[in-house]
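I opened a notebook page to record what I look up in this structure, entry by entry. Each entry takes up one part of it.

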Amino acid sequence: MSPARERVPEGTTPTAESGRVVLAGEEIGRALRRIAHEILETNKGPQDLLLLGIPTRGVHLARRLGAALHDVEGVEVPVGSLDVTMYRDDLRRQPVRHLEPTDVPGDRVEGKVVVLVDDVLFSGRTVRAALDSLADLGRPRAVRLAVLVDRGHRELPIRADHVGKNLPTSRGERVWVRLVEQDGADEVRIAADPARREGERQ
Amino acid sequence: MRHLLSIGDLSREEILELLDTAESMHEVQHREVKKLPTLRGRTIINFFFEDSTRTRSSFELAGKWLSADTINLSGKGSSVSKGESLRDTVMTIDAMGVDLMVVRHMASGAPAQIASWTGCSIVNAGDGTHEHPSQALLDAYTMRRRLGGDLAGRHVAIVGDLTHSRVLRSNLLCLRTLGASVTLVAPPTLMPSGIGPWADTDGFGTSYELDDVLPTVDAVMMLRVQRERMSGGFFPTPREYAVRYGLTPARLARMPEHAVICHPGPMNRGLEISADAADAAQSLVLDQVSAGVAVRMSILYHLLAGEGSTS
């Protein structure tokens, strides 16, 4: 029932040594601070902003972004979480997934500028699910997307507005984001993924 | 999970996962748009051979809010009343391409029997005097929400017509699996025969004296006196039952302040539960109904959403 479970397929559990580190420690903090400035610039201030993290690591990142926005602008920007599991298009390809909480501060997205926050942008399918789920909650004035890592290989016409790091990868690789809140350390690691390469050959 | 036939088939982890999922589903109930696309294209049949208001309507709502197509069939007014056998009726429905059947039947074991005939998932929505698993799950969900924690170490008294109660069996199994201690309270005539050895091996208590049990409970579950199943002779008069075993205002005062009251409904006010108790602040009766939809959404999600689920 650990929240980390769903993103790591069996037999490919990342160890502290596997692969190489592409972002570590303070670099993540710097990337988030830059994104915070970008968000304020695009939005011309903090008004109507609502940060929604996609569980599980997106929620931690959203909270950090909220803190960074507070440091820069001195205002409290509401931060929540948006579980998109029920809107995924791959539910029937996997065992039943555990649901994470959805918590929208104020219970309203109407008229807000929603910034979706996730750790890794890959196929774009999670973001597609998040957009559908938002539509059921109401009608935001605008929706933007902030991700820590964009690793390419999109399968849908979706792009991020704010990116911590663009990371060219092959499909046979895996990107692991570890965060202090959940994993005890801040780092982004990239490594070959035997399971995924196997899957591709089929 | 392929079927939900008995709480006895579930591990503690599975029960908690179902309850946790229900928490997420509950939140949908308060949205403006009460609809999730998760079970789009799936078909669910509610097959009710016995009368039901809350179970059937909450299963129907649960299916609809998850975007499944749901239809209701009742024993009355279907081919069953023309003399068709249960197997033929069920196989006919199955042949239409149904993904899941919610079955209520007056015969204990009917859902399990149906599960052995068809390829679709079966949910037992109450079979005879055997089990009613979704009711036990929603009771556990409601109590957990109000009392906090996972009910381990909590003391729950189940009171009333135990002999005819399927809710009792499911609740007993569910609460024991979650680690709660349980005391069954009933007049000797309504205590199931052979409960003694079961109580010894499974570690729950029995009592004929409600007043002795009440001061230590965290929750008391009042079961309905099922007049339709009583061929008579279980207690002299309803009045006497109410005096000895009803949750009267005086008994309400004997309960600890934090303790809650559950009743699976429909209530016989003035018989097993007084109006004071039914409408008291500790009463969870309406919370149970509202939890019913969330818990049933969770059940449908776990049976139909994952890979390898029936098609």
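Which residues point one way from β3(B), and which the other way? I found B:Leu100, B:Val102 and B:Arg104 on one side and B:Met101, B:Val103 and B:His105 on the other, and all are buried. I take a residue as buried if 20 or more other C-beta atoms lie within 10 Å of its own, as exposed if there are 12 or fewer, and as partly exposed in between, with C-beta atoms placed from the backbone.

**Ground rules**

I note that this is a predicted model, in which local features need pLDDT of at least 70 and side-chain atom pairs count only at pLDDT 80 or more, while totals for chains, interfaces and linings use all residues. Residues are numbered from 1 along each chain as its sequence is written, and chains are lettered from A and ligands numbered from 1 in the order in which they are written.

**Strand β3 of chain B and its sheet**

I went on with β3(B), which is mostly covered, with 6 of its 6 residues buried. In general, the side chains of a regular strand alternate between the two faces of the sheet.

I then looked up the partners of β3(B). Strand β1 (residues 43–48) of chain B pairs with β3 (residues 100–105) of chain B in the parallel sense over 5 bridges; B:Ile45 has B:Met101 as its bridge partner, and B:Phe48 stands opposite B:Arg104. The pairing of β3(B) with β4(B) is likewise parallel, over 5 bridges, and there B:Val103 stands opposite B:Asn124.

**Two domains in chain B**

The domain assignment, automatic or taken from a database, gives domain 1 (7–132 + 291–304) and domain 2 (133–288) of chain B. Their C-alpha centres lie 25 Å apart. I find 25 residues of domain 1 in contact with 24 residues of domain 2, contact being C-beta atoms, placed from the backbone, within 7 Å. On the domain 1 side, α1 (12–28), β4 and α12 of chain B each give two or more residues, and α1(B) gives the most, with 6 residues.

**The largest nonpolar core**

Of the 141 residues in this core, A:Leu65, B:Met101, B:Val159, B:Val220 and B:Leu300 touch the most other members; by a nonpolar core I mean a set of buried Ala, Val, Leu, Ile, Met, Phe, Trp, Tyr and Cys residues joined through C-beta atoms within 7 Å.

**Chain A**

I turned to chain A, where the secondary structure comes to 5 helices and 8 strands, following the pattern β-α-β-α-β-β-α-β-β-β-α-β-α along the sequence. Buried residues make up 39% of its 202 residues.

I find 5 strands of chain A in an open parallel sheet, ordered β3-β2-β4-β5-β6. β3 (79–81) and β6 (162–166) of chain A stand at the edges with a single partner strand each, so one side of each is left without a neighbour in the sheet. Neighbouring strands here are turned by 25° against each other on average, direction ignored. Strand β2 (residues 49–53) of chain A runs parallel to β3(A) and is joined to β3(A) by 3 bridges, with A:Leu52 opposite A:Gly80. Helix α3 (residues 125–137) of chain A lies across β4 (113–121) and β5 (142–150) of chain A, at about 155° to β4(A).

**Between the chains**

Last, I looked up where the chains meet: 16 residues of chain A are in contact with 15 residues of chain B.

Definitions and conventions: Two residues are in contact if their C-beta atoms, placed from the backbone, lie within 7 Å. Two strands pair if DSSP finds at least two bridges between them. Helices (H or I, at least four residues) and strands (E, at least two) are DSSP runs, numbered from the N terminus. Axes are lines fitted to C-alpha atoms, for helices over the stretch in contact, and angles run from 0 to 180 degrees between N-to-C directions.
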